[in-house]
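Biologist: Could we go through this structure together? I would like to begin with how its parts are named.

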Amino acid sequence: MQVLGQFNKGFIIAADGADLYIVDQHASDEKARFESLRENTVLHQQPLVVPMRMELSPAEEQTVLEHRDGVYARNGFRFVLDESRPAGQRLSMSAAPFSKKVHLGI
């Protein structure tokens, strides 16, 4: 890829053969920072002394239930299901993520 120039102090114009590319420098920087954070950040679970009751729509609750052992668990969240409660009020958060003394999610 060959850099042809810069436009409006924020975009790089580049060419690769017959293809022309316009690269947003700010978006590229944000993406690089995000990927670096994702690779280098370790999330831990902080158990809550008292689980936090959640009020969700039934659809939101179902989404959490479908993904609680996957994406939510990998990101430090833990949920407890109380079948005796009505739909949308059955979940409580029992752990929240933290990293480098920063608590996330509550």
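Modeller: Helices and strands here are DSSP runs, numbered from the N terminus; a helix has at least four residues and a strand at least two. Please keep in mind that this is a predicted model. With those names, Asn8 is placed in the loop between β1 (2–7) and β2 (11–16).

Biologist: Is Asn8 buried or exposed?

Modeller: Asn8 is exposed, because its relative accessible area is 60% and exposed means over 50%.

Biologist: And what is the phi of Asn8?

Modeller: The phi of Asn8 is near 55°, a positive value, and Asn8 is a residue other than glycine. Most residues other than glycine have a negative phi.

Biologist: Which loop holds Lys9, and what is its phi?

Modeller: Lys9 also sits in the loop between β1 and β2. Its phi is positive, about 55°, although Lys9 is not a glycine. Lys9 counts as exposed because its relative accessibility is 77%.

Biologist: What does Phe79 touch?

Modeller: Not counting residues up to four places away in sequence, Phe79 touches Met54, Val64, Arg68, Tyr72, Leu91, Ser92, Met93 and Ser94.

Biologist: Where is Glu61, and is it buried or exposed?

Modeller: Glu61 lies in helix α2, which covers residues 58–74. It counts as buried because its relative accessibility is 1%, and buried means under 20%.

Biologist: What lies 3.3 Å from a polar atom of the Glu61 side chain?

Modeller: That is the backbone nitrogen of Gln89. Beyond its neighbours within four places in sequence, Glu61 is in contact with Leu56, Ala87, Gly88, Gln89, Arg90 and Leu91.

Biologist: What about Ser99: buried or exposed?

Modeller: Ser99, in strand β6, is buried because its relative accessible area is 10%. A polar atom of its side chain lies 3.1 Å from the backbone oxygen of Val42. Leaving aside neighbours within four places in sequence, Ser99 is in contact with Thr41, Val42 and Leu43.

Biologist: Changing topic, what is the volume of the largest pocket, and which residues line it?

Modeller: Its volume is about 160 Å³. The lining consists of Phe34, Leu37, Arg38, Thr41, Val42, Leu43, Arg74 and Asn75.

Biologist: Which helix gives the most to that lining, and how many residues of each class are there?

Modeller: Helix α1 (residues 25–40) gives the most, with three residues. By class, the lining has four nonpolar, two polar and two charged residues.

Note on methods: Residues numbered from 1 in each chain as written. Predicted model: local features only at pLDDT ≥ 70, side-chain atom pairs only at ≥ 80, totals over all residues. Heavy atoms only, no water. Buried < 20%, exposed > 50% of the residue type's maximum accessible area, 1.4 Å probe, protein only. Polar contact = N/O pair within 3.5 Å; in protein donor to acceptor, adjacent residues only side chain to side chain. Contact = heavy atoms within 4.5 Å. 1 Å grid on protein atoms, 1.4 Å probe; cavity = no way out; pocket = protein on both sides within 12 Å on 5 of 7 lines; lining within 4 Å. Points joined across faces, edges and corners; volume = space filled by probe spheres on them. Nonpolar A, V, L, I, M, F, W, Y, C, P; charged D, E, K, R; others polar.
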